[in-house]
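The sequence and structure come first.

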Amino acid sequence: MTKRPWPISAARYLNHAESVVLILIGIVLVVLAVLLLWFSAGSMVQAVENGTIGHSAIEILNAILLVMMTMEIVYTVAISLESHTLVAEPFLIIGTIAAIRRMLVITATSTETEHDPSMFHNTLVELGLLAATVIALSVAIWVLRHTQTLGTPASLPAQPPHAPADGDR
């Protein structure tokens with residue numbers, strides 16, 4: 001009894017479908033990043049012309065960090081497209097950027113909440129949790145990179161040359 005080749009064909013079609021979807025996701029993300037960058041540059045020029053750069057800076061920085069996160073996702077999509085594997089490090093970097101982005105927004109707008117003690121307390125708690133998140137993600141990135149370098153052949157101890165046995169000649 002011979003096996004039908006349809007599971008192999010189905011897997012091949014699903015592989016191609018995955019590649020097409022990842023390419024479309026990458027294109028949409030790149031277009032989104034370019035539009036966000038364009039809008040941010042326009043906002044910056046307008047803020048400089050109006051003399052309101054101090055007030056608009058946090059919104060511009062927020063958008064730029066969002067562009068960085070988007071491009072990191074594009075990088076992750078590209079890696080997935082090449083290797084058909086999911087790599088953890090880009091997601092850790094995206095999480096770190098997102099936490100830092102939120103911390104910047106909170107600190108820039110904290111003057112609005114410092115008059116209300118309960119709101120200010122909540123803001124401080126959120127900042128503390130975000131700082132702990134950044135530290136945890138940074139440690140995770142370091143551990144991931146450290147374990148990857150330990151596993152490379154260049155970092156393993158050198159083996160003495162193998163002397164051929166009588167049967168190897």
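A nonpolar surface patch is formed by V20, I23, L24, I27, V31 and L35, which together have about 550 Å² of accessible area. Patches take residues with over 30% relative accessible area and no salt bridge, joining like charges within 9 Å and nonpolar side chains (Val, Leu, Ile, Met, Phe, Trp, Tyr) within 5 Å; a salt bridge puts a side-chain nitrogen of Lys or Arg within 4 Å of a carboxyl oxygen of Asp or Glu. Accessible areas are from the Shrake-Rupley method with a 1.4 Å probe, and for residues only the protein chains shown count as cover. L24, one of the patch residues, lies in helix α1 (residues 6-50).

The model is predicted: local features need pLDDT of at least 70, side-chain atom pairs count only at pLDDT 80 or more, and totals for chains, interfaces and linings use all residues. Residues are numbered from 1 along each chain as its sequence is written, and side-chain values use heavy atoms, with hydrogens and water left out.

**Chain overall**
- The chain has four helices and zero strands, in the order α-α-α-α from the N terminus; helices (H or I, at least four residues) and strands (E, at least two) are DSSP runs numbered from the N terminus.
- Of the 169 residues in the chain, 23% are buried (buried is under 20% relative accessible area, exposed over 50%, partly exposed in between, with a 1.4 Å probe and protein chains only).
- The accessible surface of the chain is about 12,300 Å², and carbon and sulfur atoms hold 71% of that surface.
- Among contacts (heavy atoms within 4.5 Å) with a separation of 6 or more, 69% join residues 24 or more positions apart.

**Nonpolar core**
- The largest nonpolar core has five residues: A99, I106, L127, L130 and V134; such a core is a set of buried Ala, Val, Leu, Ile, Met, Phe, Trp, Tyr and Cys residues joined through side-chain atoms within 4.5 Å.
- Helices α3 and α4 each supply at least two residues of this core, and α4 gives the most, with three.
- Neighbours within four places in sequence aside, L130 contacts A99, R102, M103 and I106.

- T96 sits in helix α3 (residues 89-109) and counts as buried because its relative accessibility is 11%.
- Not counting residues up to four places away in sequence, T96 touches V134, L137, S138 and I141.
- T96 and L137 are 41 residues apart along the chain, with their C-alpha atoms separated by 6.2 Å.
- W142, in helix α4 (residues 117-150), counts as exposed because its relative accessibility is 54%.
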